[in-house]
Amino acid sequence: MPAGNQWLHEVKYDGYRALIATGAKGPKIYTRTGLDWTDKFPGIAEAAKTLPAPALIDGEIVAYKEGKPDFSTLQEAIANGGEDLTFFAFDLLADHEDTTKLPQLARKERLRALLDGADGRILFSEHIVGAGEKLFETMCREGYEGIVSKRADAPYRGARTKAWLKVKCIHRQEFLIIGWTPSSAKGRGFRSLLLALNGPDGLVYAGKVGTGFNQATLHDLRERFDRIPAKEAPVKVPRAEARGAQWLQPKLVAEIAFTEFTAENVVRHGSFIGLREDKKPRDVVAEKPAPLPEIPAPAPSSIKISSRDRVIYPEAGLTKGQLADYYTAIAPVALRWLANRPISLVRCPQGRAKHCFFQKHDAGSFGERVHHVDVREKDGSVEPYLYVDDLDGIMACVQMGTIEFHGWGSLVADIEKPDRLVFDLDPDEGLDFAQVRRAAEDLKGHLADIGLTSWPLLSGGKGVHVVVPLLPEADWPAVRSFAERFARALAQAEPDRFTANLKKVTRKGKIFIDYLRNQRGATAVLPYVARARENAPVAAPISWTELRDLESAKLYTIRDAATLLERATSRALQGWGEAGQALPDL
C-alpha cells in the first residue's frame with residue numbers, strides 16, 4: 001500500500017475496463033484492446049450522448065448485485081442486452097485537446113467538471129488523497145475486490161506502469177482454461193476446470209477450480225468447450241489431475257479468486273468468477289506482488305543561494321535560506337500558477353524591513369534560468385517582461401533578493417487572452433475580517449448567478465482575492481470591461497459596503513473591489529507566494545467552506561510548506577487551467 005499524499009486511491013471496480021469516445025457521429029465504447037463494443041453496452045452508449053464532445057474517457061463498466069459491483073452479474077446483464085449497467089469514469093484522455101500529459105489529479109478534476117449534468121448511468125469515480133489504508137480496509141470489509149492507487153502527479157500512460165497499482169483484498173487473476181473433468185451428478189455439465197498460465201518457456205499448469213458455477217454458467221461453458229476440443233493436454237499435467245480430463249485449446253480466459261499459490265505453484269481454494277472476453281490469452285501470466293516503487297525526491301535546484309543566514313524577516317528571525325527552502329518545497333504546486341506567466345518581482349535584497357522595489361523587465365542580471373517575453377507597449381515600444389518555467393528560475397530570483405512573485409492574468413503563450421479574473425477585496429483600515437469574508441461570499445454568489453465559478457485566495461495581507469478561472473478566449477479589453485462593470489454594479493447596489501473607486505477618500509468604512517487587476521499589464525500576487533510582510537505570510541488558496549471560519553488572511557507562513565503541500569493534493573481546489581469557463585455577456 002503506497003503511503004503519502006503523492007498517491008490517490010480509488011475503488012477497484014469488478015467490471016470491464018472501457019473507453020468512451022464522444023464525437024460528431026455519436027459515442028463509441030471500446031475495450032482496452034481497441035474492440036468496438038458499443039453494441040454490447042447500448043445503455044451506456046445512450047447515456048454517453050449527454051457528454052460533451054469530443055472527449056475520451058477511461059473507466060469501468062459494472063453491474064450490481066446486492067449493492068456491490070459483481071462480475072458474474074455483469075456477464076448476465078451483457079447476455080440479456082446490456083441495458084442495466086453503470087460506467088464509473090476515472091480518467092480523462094482528451095477534452096477538445098489531448099489531456100494525457102496533465103497530472104492525474106488535474107485530469108480527474110477536469111473530468112469531474114465534464115461529467116456535471118451527465119446521465120446517471122455515467123458516474124465520476126471518487127477518490128481520496130493519502131490514507132489509502134483506511135479505504136483498503138473498508139473495501140475488504142465490505143466485500144469489494146480492492147483498490148487502485150495512482151500517482152497524483154503522473155501523466156496518463158496507455159500501458160502498465162508503476163504509477164498505477166492494484167491492491168487486492170484476495171488473490172484474483174486470469175487463467176487459461178485448458179481442460180475440464182466430467183461430473184457424475186445428473187445435469188451438471190462438468191465437475192472442475194483445469195487451468196494454466198503463460199510462462200517463460202510456454203504454458204505452465206496452474207491447478208483446478210470446481211466452485212463458483214451456477215447452472216447457466218455450466219451450460220454456457222459446456223457449449224463453448226464443445227467448439228474448441230483438443231486431442232491432448234496442451235501442457236504437462238500431473239497424472240492424478242489429468243485422469244479423465246477432456247482437453248481444450250487454450251483460448252478461453254477465466255477470472256479466478258483463490259487464497260494462495262501452493263509450493264507447487266497451483267491455486268488453492270479457487271473459485272470461478274467469470275470469463276474475460278476482454279483479455280487476450282497470450283497476456284495471461286502469473287501476477288506477483290511487487291515492491292512499492294520509489295518516488296524520487298524533486299531534483300534540487302542548480303542555483304546556489306548565497307548569504308543563506310541573512311535575516312530577511314527580522315520580527316520572526318527568518319532567513320534568506322529558509323525562504324529559499326520554502327520555495328524549493330512548494331515549487332511542485334506553485335509552478336502550476338507561476339510558470340510561463342509574465343511576472344513582476346518584489347525584491348528586498350537587504351530584507352523586507354529595508355528598501356524593496358518592483359521589477360518587471362529583464363535587465364539581464366538573473367542569468368539564463370530566468371526568461372523574458374517581448375511585449376509591445378501602448379506607445380509602440382517593445383519591453384522584455386520576466387517569466388520563469390521551473391524551480392531554477394524561482395531560485396535565481398530568490399538569489400537576487402526576490403520575496404514576492406506577482407503574475408499577469410495570461411500566459412506567455414498568448415499574453416492577449418487572459419485565463420483568469422481576480423477581484424481583490426481590499427478593506428479600509430479598521431474593518432473586521434468577518435466583513436471581508438461576507439463580501440467574498442457575496443461575490444461568489446453573484447458570480448455564480450451569471451454562470452462563473454470562483455475560489456478564494458488568502459492574500460497574506462488584509463484581504464481576499466476572489467479568483468475566476470477563464471478559458472483564454474476573450475481579449476483584455478473585454479475582460480477589463482466586464483470586471484469593471486461587475487464591480488461598479490455591486491458598489492452601486494450596496495454603496496455603504498463597497499466602492500469601486502480607486503481614490504482612498506471614497507473607501508472610508510468600505511471594501512474596495514479592485515477590478516484593475518484585470519487589465520493588460522496588471523499583476524496580482526500568485527498562489528503559494530511568500531509576502532514581504534511581517535512574519536512571512538503566504539498567499540494561500542482555500543475552499544469556500546474553510547473561509548467561513550477564518551479570522552485573518554494570514555493563515556499560513558513560509559514555515560507551513562508541508563501543510564500547504566498536503567492541502568494542494570486535495571480535490572477541494574481547481575487550478576485556473578482545470579476549471580476554465582467562458583466569459584458571459586453582461
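Two disulfides are found in this structure, where a disulfide means a pair of cysteine sulfur atoms within 2.5 Å. Before we visit them, a word on the source: this is a predicted model, where local features need pLDDT of at least 70, side-chain atom pairs count only at pLDDT 80 or more, and totals for chains, interfaces and linings use all residues. Residues are numbered from 1 along each chain as its sequence is written, and side-chain values use heavy atoms, with hydrogens and water left out.

Let's begin with Cys140 and Cys169, whose sulfur atoms sit 2.0 Å apart in a disulfide. The torsion about their S-S bond is about -95 degrees, so this disulfide is left-handed. What does the pair tie together? Cys140 belongs to helix α4 (residues 132-141), while Cys169 is in the loop between β11 (164-168) and β12 (171-181), so the link ties together parts that are 29 residues apart in sequence. Helices (H or I, at least four residues) and strands (E, at least two) are DSSP runs, by the way, numbered from the N terminus.

Are these two cysteines buried or exposed? Here, buried means under 20% relative accessible area, exposed means over 50%, and partly exposed is in between, using a 1.4 Å probe and protein chains only. Cys140, at 28%, counts as partly exposed, and so does Cys169, at 25%.

On to the other link: Cys348 is joined to Cys356, with 2.1 Å from S to S. This one is right-handed, with 120 degrees about the S-S bond. Cys348 counts as buried at 2% relative accessibility, whereas Cys356 is partly exposed at 28%.

Four strands make an open sheet in the order β9-β1-β10-β11, with antiparallel pairing; two strands pair if DSSP finds at least two bridges between them. At the edges stand β9 (127-129) and β11, each with a single partner strand, so one side of each has no neighbour in the sheet.

Which residue of β9 is the bridge partner of Leu8? That is Val129. Strand β1 (residues 7-11) pairs with β9 over three bridges, in the antiparallel sense.
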